[in-house]
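Here's a quick tour of one model, with an eye on its backbone and its ligand site. Take a look at the structure first, then read on.

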Amino acid sequence: MTVQAGLPQVTVFSLGGTIASTNDSGGDAGGVTPRLGARELVDSVPQLREVAELETVAFRRTASGDLTLRDLVSLATEITKRFESGTAGVVVTQGTDTIEETSFALDLLVRGPRPVVVTGAMRNPTLAGPDGPANLLAAVQVAASPQAAGLGTLVVFGDEIHAARFVRKTHTSSPATFRSLTAGPLGWMVEGRPRIAFRAPELQGKPTAVGDEVPAVALLKLTIGDDSRLVEQVAALGYAGLVVEAFGGGHVPARVVPALEHLAGRLPVVLASRTGGGELLRETYGFPGSERDLLSRGLIPAGFLDGPKARILLSLLLATGAGPASVRDAFEQVNVSVTAHTAA
Ligand code: ASP
């Protein structure tokens, strides 16, 4: 198969994960580990040569839980350089465990309309029916498509096209693990073509000039019968902020409220829902520990962002040196930008 003239240029960055994981023996002794780089992944899918002119960058080779926000700030810088030098679109391959976080970080860090598409695999290349090659092909088809411009960072997986701001991993092993519970996917693939059914508005409130040092932000999921011991430790442990994943529309046990209010007087404390879908309530319940109570005590509403995504936004804002008022404002702007065309 020959490379076709006039194809868009797409850069593929590999970071490791299941899509790149094999072993020496071909058997399963010792398990698979990330070994393949972007060049090997691309070479294993000959159809890619008909879609784009490909540049490959083996950026990291790791399990995705070992990636850091610092890695993502560096990756965003590399992506920006590629866009400045004319690349039409970028694909990032990585482990699926943290795609919901890394893709949202790239959504916040990369500027401009050109597509960044994140993908991976649930079945590694040593298994029957690995999904990596089909996901990589679809991701490049989306990244090379003018229709994908201006949609923010996308996650393409199992022939569905998701907005990074909504997508979550929802299953430990199913290839249909990625879901956007609140908004649904933006589109799908058919016969190698992206179909975009819904356009996500451009995100406002993105952090600007993010430094290399990203302060630590804790994420705490509250559970039935919880007390305030962990909340009381957050500042002493050196965290620069806290995201609380609360029950339902944004509720915590009443006994945790004083510690949260005290902490919110010292650090940004963001209130998110642990449900995984829908938007945080603001004005429905009035009991102690309700969303109204907590917001009136200085907690910042995460809006439609779930806990892990709210933590990414808060971390990157703090990495710009943003103070409490700017953090509150940025959360508001991100939320307003996503729902700007609907009634308040
Ligand atoms: N199970 C993961 C994956 O799907 C491993 C990782 O996230 O690195 O790629």
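Glu-191 is exposed, at a relative accessible area of 69%; exposed here means over 50% with a 1.4 Å probe, counting protein chains only. Its place is the loop between β11 (187-190) and β12 (193-196), strands being DSSP E runs of at least two residues, numbered from the N terminus. Phi of Glu-191 is near 45°, a positive value in a residue other than glycine.

Ala-209 has a positive phi too, near 55°, and isn't a glycine either. You'll find Ala-209 in the loop between β12 and β13 (217-221), and this residue is exposed, with a relative accessible area of 74%.

A word on the ground rules: this is a predicted model, where local features need pLDDT of at least 70, side-chain atom pairs count only at pLDDT 80 or more, and totals for chains, interfaces and linings use all residues. Numbering runs from 1 along each chain as its sequence is written, and side-chain values use heavy atoms, leaving out hydrogens and water.

Now the ligand. Around it (a heavy atom within 4 Å) sit Gly-17, Thr-18, Ala-63, Ser-64, Gly-95, Thr-96, Asp-97 and Ala-121. By class, that shell has two nonpolar, five polar and one charged residues, with Gly counted as polar, Ala as nonpolar and Asp as charged.

| Residue | Protein atom | Distance |
|---|---|---|
| Thr-18 | backbone N or O | 2.8 Å |
| Ser-64 | side-chain N or O | 2.6 Å |
| Thr-96 | polar side-chain atom | 2.3 Å |

The protein covers 83% of the 260 Å² of accessible area that the ligand has on its own, by the Shrake-Rupley method with a 1.4 Å probe.

Conventions. Helix = DSSP H or I, 4+ residues; strand = E, 2+ residues; numbered from the N terminus. Buried < 20%, exposed > 50% of the residue type's maximum accessible area, 1.4 Å probe, protein only. Polar contact = N/O pair within 3.5 Å; in protein donor to acceptor, adjacent residues only side chain to side chain.
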